[in-house]
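Thanks, everyone. Let me take you through one model this morning. Have a look at it first.

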Amino acid sequence: MIEEDYRKAPHVVILGAGSSAATTNALSIPGPSVMEGFLEKAQLSSIIEKVPLKTTSKNFEDIYAELCTLPEYARELSELEQKTLEYIKQFHLPNDKISIYEQLILSLTPKDYIFSFNWDNLLLEAYKNVKQRLFQWNVPFTSVMPPLPSLVHGCADLGFCLKCHTCDLKIKRSHCPQCNEILKDCPIVWPKEPKNYSQFYIDSQLSKMQEVLAKAQFVTIFGFGGAKSDSTLIKALSNAFRPNGRYNVAEVEVIDIKSKEEVLKTWKQDFDFICQDHFKVFSSFKDCTLAKWPRRSVENFADFMLFNTTFNAPAPTVSITETPSTSEILRIYLPLIREELSNAR
Ligand SMILES: [Zn+2]
């Protein structure tokens, strides 16, 4: 039945460096820099000061890409990779405050998916924090949480199963939760021609994203600019999304501090990802549909499409801030979670 079909379709979230920046800025804590100006902010410029680069770009990907073409500076390249990972690993989320990443995870349900193009492990920390909170609220987290986010560019905290392509937090177990194979270290995917193992990993992530986008009803792109080095991958995703039977009624929301014109140039003109006028652009997470209608975004959208209810009306009980207190979080998410659990019985 078409109505039921709409409601069961996934909400897919794609994250880039801007989402980690929004998360740490909202908490007023230090966080990883975005790619533009990365070396200065991470204080890594000295590694390449003797390298005669032609590019004048301050973007990490441009500098990295040119460094890869200079075999005589292989030592600098290796040092840059190592120091970048050390820099990324130093950032953590506090346990006692609710981050945007935690709100994002709590706003999604088991049928939904998160894909991140970031190297930092803030999203995985948020996932662990949400599990902990749900446990404290006596909620069976496996029944209400979205699957573990996919980190498309790899992450040192993840293990990867070569047999069935499952990823899992490395600290938890060393065996694949699906097929019991021993988990390998998840590769870090750098913005260059991938090596065999990292190509294998990217391919596994890409096919998962394609499979999910082919049935998505709603896509939220948060702080992800679609870097040059990712353009082939994004075009492949767009090609998977467009034949989606719901594409003509699928909604795309972009959360970005860039202007609406710039956002449209990237996602409509360059990548052909957005269908007609089915998109919205927001400058912060608190204004997007997931924040306004947590855990019910697809259902509300389906009602709007099928029964012409007012989609833009404010959600009845939810008013979210970027750093809500624990009691606000309980008030917002727990009634929705309890409702789902009682419906499932
Ligand atoms: Zn496996």
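A quick definition before the sheets: two strands pair if DSSP finds at least two bridges between them. And keep in mind that this is a predicted model.

Start with β4, residues 158-160. Strand β4 pairs with β5, the sense is antiparallel, and there are three bridges. Pick out L158: its bridge partner in β5 is L169.

Now widen the view. Which strand order does this open sheet have? It runs β5-β4-β6, three strands with antiparallel pairing. β5, at 167-169, and β6, at 184-185, are the edge strands, so-called as each pairs on one side only.

Stay in this region for a moment. Between β4 and β5 there is a loop, and H165 lies in it. H165 is not a glycine, yet its phi is positive, about 70°. For background, most residues other than glycine have a negative phi. The cut-offs are 20 or more for buried and 12 or fewer for exposed.

Let me zoom in on one pair. Strand β7 covers residues 218-222, and strand β8 covers residues 251-255. They pair in the parallel sense over five bridges. Within that pair, T220 has E253 in β8 as its bridge partner.

How exposed is Q276? It has 9 C-beta neighbours inside 10 Å, so Q276 counts as exposed.

Last topic, the domains. The domain assignment gives domain 1 as 2-28 + 93-154 + 189-344, and domain 2 as 38-89. Taken over C-alpha atoms, the centres of domain 1 and domain 2 are 31 Å apart. What does the contact take from each? Eight residues come from domain 1 and six residues from domain 2. On the side of domain 1 that touches domain 2, the classes are four nonpolar, one polar and three charged residues.

That's the tour. Questions, please.

Key
Residues are numbered from 1 along each chain as its sequence is written. This is a predicted model: local features need pLDDT of at least 70, side-chain atom pairs count only at pLDDT 80 or more; totals for chains, interfaces and linings use all residues. Helices (H or I, at least four residues) and strands (E, at least two) are DSSP runs, numbered from the N terminus. Domain bounds come from an automatic or database domain assignment. Two residues are in contact if their C-beta atoms, placed from the backbone, lie within 7 Å. Ala, Val, Leu, Ile, Met, Phe, Trp, Tyr, Cys and Pro count as nonpolar, Asp, Glu, Lys and Arg as charged, and the others, Gly among them, as polar.
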